[in-house]
Amino acid sequence: MRTLNWEDGAIVAIDQCLLPHQETVLRLRTVEELIAAIQRLAIRGAPALGVAGALGVALSARLRSRDGRLDETAVRADAELLASARPTAVNLRWGVGQALAVLSEGPEAVLAQALRVMEADDRVNRQAASDAADLITGLCPDRPLRLLTHCNAGALATAGTRGTALGAVFELAERGRIEYVIVDETRPLLQGARLTSWELARAGIPHRLAVDSAAASLMRRGLVDCVVVGADRITANGDVANKIGTYGLAVSAAHHGIPMVVVAPESTVDEDLADGALIEVEEREADEVRRVLGTPVAPEDTPAFNPAFDVTPAALITAVVTEARIMGPRVVTAGRAG
Ligand code: MRU
């Protein structure tokens, strides 16, 4: 099934908090339920958030219609709450905006628009993934690939069947080009361990899970040919916000002369922001750091940092690939932190 869908007036989604041990389907019938699912990361990943935003406006438009009259003011208030449920991935506000653009045409038009956003998601991500696979093949032509990825940028992070960065991995695997994929576990919420490993296992692609802090050492040992990740927001100058830990990977990759490729749909590009310093990085609850999947691992009141994302300067990124263009490839040299 798809990560996200629309069925009989409800948004249907796999609860990603429970994977890989339970495959539970959520039926979200109100905007409040949808926002709660987004905030606890039951629905997550930038492209999936874009589709959820569009479907959420459709849900609101349906609920706010009575006797043929649509309360547009109430829908716009719901839409603002939805768009600000998570601040970093620009796709969420983008998806909300796509659906709101036809609000004056009524709830059925809003739903049709949201379904178009959902259908396009699979198509554009497949295109970006295929172009990224071509690019990676050109950058690393000499041997079966040892790729390293972070967080989850697979089908689960989209409304489609492939994903972005992991979509490129699937494409390369179909072409017989993968030796193995190193999966960063991705603390604190373990999207790599729980979700990426699950997707790769289902696809039968060889992979090995590693703690996040192993990445630099694996690069130094010559075990990584290319780093491939998704993105939550890409600014006009090519800076990239992605899951916390991505910046460290970029620094290490540059130091070791390893290409780093970002794969994302155009809806992740925010031309309104000049550079990454302007991106709002979501700060989440300290308990996510003090605990591992709910089990305390630090004294109860230990103060913690918990930024959900970091920003990698464009100068450290070999290329950003979307369905419409390739920004790069550029030669990255260590020390060019931008
Ligand atoms: O906090 P999350 O799980 O929503 O963070 C997701 C990521 O950082 C992904 O790498 C990003 O959204 C790209 S998904 C194609």
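K243 stands opposite F309 in strand β16. This pairing belongs to a predicted model, in which strand β11 (residues 240-243) and β16 run antiparallel to each other over 4 bridges.

- β11 is part of an open sheet of 4 strands, and their order is β13-β10-β11-β16.
- The pairing within this sheet is mixed.
- β13 and β16 (309-312) are the edge strands, as each of them pairs on one side only.

**The ligand and its surroundings**

- The side chain of N242 has an N or O atom 2.7 Å from an oxygen atom of the ligand.
- In the side chain of Q191, an N or O atom is 2.9 Å from an oxygen atom of the ligand.
- G45 takes part through its backbone, where an N or O atom lies 3.1 Å from a ligand oxygen atom.
- The ligand taken alone exposes 420 Å², and the protein buries 100% of that area.

**Strand β12 and its partners**

- Strand β12 (residues 260-263) pairs in the parallel sense with strand β9 (residues 226-229) over 3 bridges.
- In this pair, M260 of β12 is the bridge partner of V227.
- β12 also pairs in the parallel sense with strand β17 (residues 319-321), again over 3 bridges.
- Here V262 stands opposite V320 in β17.
- In a regular strand, side chains alternate between the two faces of the sheet.
- M260 and V262 point one way from β12, while V261 and V263 point the other way.
- All four of these residues are buried.

**A β-α-β unit**

- Strand β7 (residues 178-184), helix α7 (residues 191-203) and strand β8 make a right-handed β-α-β unit.
- The two strands of the unit, β7 and β8 (residues 207-210), pair in the parallel sense over 4 bridges.
- V183 stands opposite L209 in β8.
- Q191, whose side chain has an N or O atom 2.9 Å from a ligand oxygen atom, falls within the range given for α7, residues 191-203.

- T268 lies in the loop between β12 and β13.
- The side chains of T268 and N91 make a polar contact at 2.9 Å.
- Leaving out residues up to four places away in sequence, T268 touches V90, N91, A231, D232, R233 and I234.

- G276 sits in the loop between β13 (269-270) and α10 (287-290).
- G276 touches T235, N237, D239 and V311, not counting residues up to four places away in sequence.
- V311, one of these contacts, falls within the range of the edge strand β16 (309-312).
- G276 and D134 are 142 residues apart along the chain, and their C-alpha atoms are separated by 27 Å.

Definitions and conventions. Residues numbered from 1 in each chain as written. Predicted model: local features only at pLDDT ≥ 70, side-chain atom pairs only at ≥ 80, totals over all residues. Heavy atoms only, no water. Pairing = 2+ DSSP bridges. Right-handed = clockwise from strand over helix to strand, strands pointing away. Contact = heavy atoms within 4.5 Å. Polar contact = N/O pair within 3.5 Å; in protein donor to acceptor, adjacent residues only side chain to side chain. Areas by Shrake-Rupley, 256 points an atom, 1.4 Å probe, with all protein chains shown as cover. Buried < 20%, exposed > 50% of the residue type's maximum accessible area, 1.4 Å probe, protein only.
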